[in-house]
Amino acid sequence: MVGGSKRLRRLLNQRLHEEPSKTQTHVMRKKMKTGLVIINCIILAIGNCGGPLITRLYFRNGGKRIWFSSFLQTAGCPIILFPLLFSFRLRRKEATTTPFFLIKPPLFLASIVIGLLTGVDNYLYAYGLAYLPVSTSSLVISSQLAFTAFFAFFMVKQKFTPFIINAVVLLTLGAGILALHTDGDKLAKETHKEYIVGFLMTLAAAILYAFVLPLVELTYKKARKRISYTLVLEMQMVLCFVATCFCLVGMLADGDFKELAREARDFKLGRSTYYYVVVVFTAIIWQGFFLGSIGMIFCASSLVSGILICALLPLTEVLAVFFFREKFQAEKGLSLFLSLWGFVSYFYGQIKSENKTETQDQEAQLSQLPGIDSVA
C-alpha cells in the first residue's frame with residue numbers, strides 16, 4: 001500500500017514534469033485571479049464606505065441637488081479609459097490589427113439597459129441619503145443582501161452551501177439589528193414625511209440594485225464569447241456612461257445647472273474650492289464602488305459581491321460615527337460583530353470548497369496516469 005502510494009506520487013510528478021508549461025500557466029492564472037480579487041475588494045471597500053460618507057458631506061454642508069448627486073455617482077467613468085488603454089497596448093503587442101473595444105452589439109445593448117437601471121437606482125439612493133443619516137441609510141441598504149440572494153437563486157441558479165446560508169443570515173441579522181433605536185438618528189429640521197419618503201426611496205434603491213447584480217452575472221453567462229476583465233471594464237464604461245446621461249437629463253429638467261454656482265458660494269465648509277473638491281472626489285470614490293462590485297461578479301458571483309457590500313456596511317457605520325458624530329449604540333457594535341462573523345464564515349466555506357476541489361482534481365489526474373490500475 002505504501003509502495004503503491006509512492007509510485008502514484010512518482011507518476012504524478014513525472015506527468016507534471018512532462019507538462020511544465022501547462023502547470024506554470026495554471027499557477028500564473030490563479031495568481032492573477034487572486035490579485036484581481038484583492039484589487040477589486042480594496043476598491044469596493046473604498047467606494048462602499050467612502051461613497052455614502054462623501055455624499056452625506058455634500059448634503060450636510062448645503063448641497064440640495066439630488067439629480068446632481070445622482071450624476072456624480074457614475075460621472076467618474078472616464079477613469080476606466082486608463083486601464084482600457086493599458087490593456088489595448090498589451091493586446092497590440094500580440095496582434096497588429098486589434099480593436100480598441102471588444103464589446104459587441106448584444107453586450108452593448110445589455111449594458112445600456114443595465115445603465116438605465118443604474119441611473120434610476122442612483123437617483124433613488126441619492127434621494128434617500130438627502131433625508132437619512134448614513135447610519136440609517138446603511139441599515140436600509142443592508143436589506144439588499146437578502147434580495148440579492150433571492151434574485152440570484154432564480155436568475156443565475158445560485159447554489160447555496162451551509163456556509164453561504166450562514167453568512168447571509170448573519171449579515172442580514174447584523175444589518176437588521178441596526179433598526180433598534182434609530183429614531184435618535186433623525187436629522188434636524190426634518191419632517192416625518194421627508195423621513196418616510198427617504199426611507200422608502202432607499203429601500204427601493206436596495207431592491208433595484210439587488211436585481212442589477214444578478215442581471216450583470218446573467219449577462220456574463222448569456223454572452224456568446226469569453227468574458228475577459230477588459231470586456232468587463234468596457235461594459236462598466238458603457239453602463240456608467242448611460243447612467244450618467246440619464247441623470248444629466250434629470251439635472252437639465254430640474255434646473256440644477258442654474259443652482260450649482262450658488263451652492264458653491266454658500267457651501268458651509270468655506271470657500272467654493274472645497275465644494276468642487278468634494279464634487280470631484282465624490283465622482284472618483286463612487287466609481288470605485290461600481291468597479292469593485294462589477295469586478296467581484298466577474299471574479300466570483302453576484303452573491304459574493306452582495307456579501308462584500310453588506311459586510312462593509314458596519315464599517316461605514318463606524319466611520320459615520322467618527323466623521324459626523326452620529327450615535328454609536330450597543331446595537332451597532334453587535335451589528336459589527338455579526339457582520340464580521342458572517343464575512344469570516346463565508347470565506348472559510350470558500351477556502352474549504354477550494355481545497356476540496358483541488359483534492360478532487362489531483363485524484364482525477366492520478367486516475368488518468370498509466371499504470372494506475374495495476375497499482376490498485
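## Terms first

A residue counts as buried under 20% relative accessible area, as exposed over 50%, and as partly exposed in between. R262, at 31% relative accessibility, is therefore partly exposed. The model described here is predicted.

## Salt bridges in the structure

Side chains of opposite charge can pair when their charged atoms come close. Searching the whole structure turns up five salt bridges. Three of them are described below, starting with R65 and D256.

## R65 and D256

R65 pairs with D256. Their closest N and O atoms are 2.8 Å apart. R65 sits in the loop between α2 (20–60) and α3 (66–74), while D256 belongs to helix α11 (residues 256–266). The pair therefore ties together parts that are 191 residues apart in sequence.

Both partners are buried: R65 has a relative accessible area of 15%, and D256 has 0%.

## A pair within α11

Helix α11 also holds R262 and E259. Their side chains form a salt bridge, with 2.9 Å from N to O. The two are three residues apart, so about one helical turn separates them. E259 is partly exposed, at 25% relative accessible area.

Shared partners also link salt bridges into one network, made of R65, D254 and D256.

## A pair within α9

E217 and K221 form a salt bridge in which the closest N and O atoms are 3.8 Å apart. Both lie in helix α9 (residues 192–222). They are four residues apart, which puts about one helical turn between them.

E217 is buried, with a relative accessible area of 7%, whereas K221 is exposed at 52%.

Note on methods
Residues are numbered from 1 along each chain as its sequence is written. This is a predicted model: local features need pLDDT of at least 70, side-chain atom pairs count only at pLDDT 80 or more; totals for chains, interfaces and linings use all residues. Side-chain values use heavy atoms; hydrogens and water are left out. A salt bridge is a side-chain nitrogen of Lys or Arg within 4 Å of a carboxyl oxygen of Asp or Glu. Buried means under 20% relative accessible area, exposed over 50%, partly exposed in between (1.4 Å probe, protein chains only).
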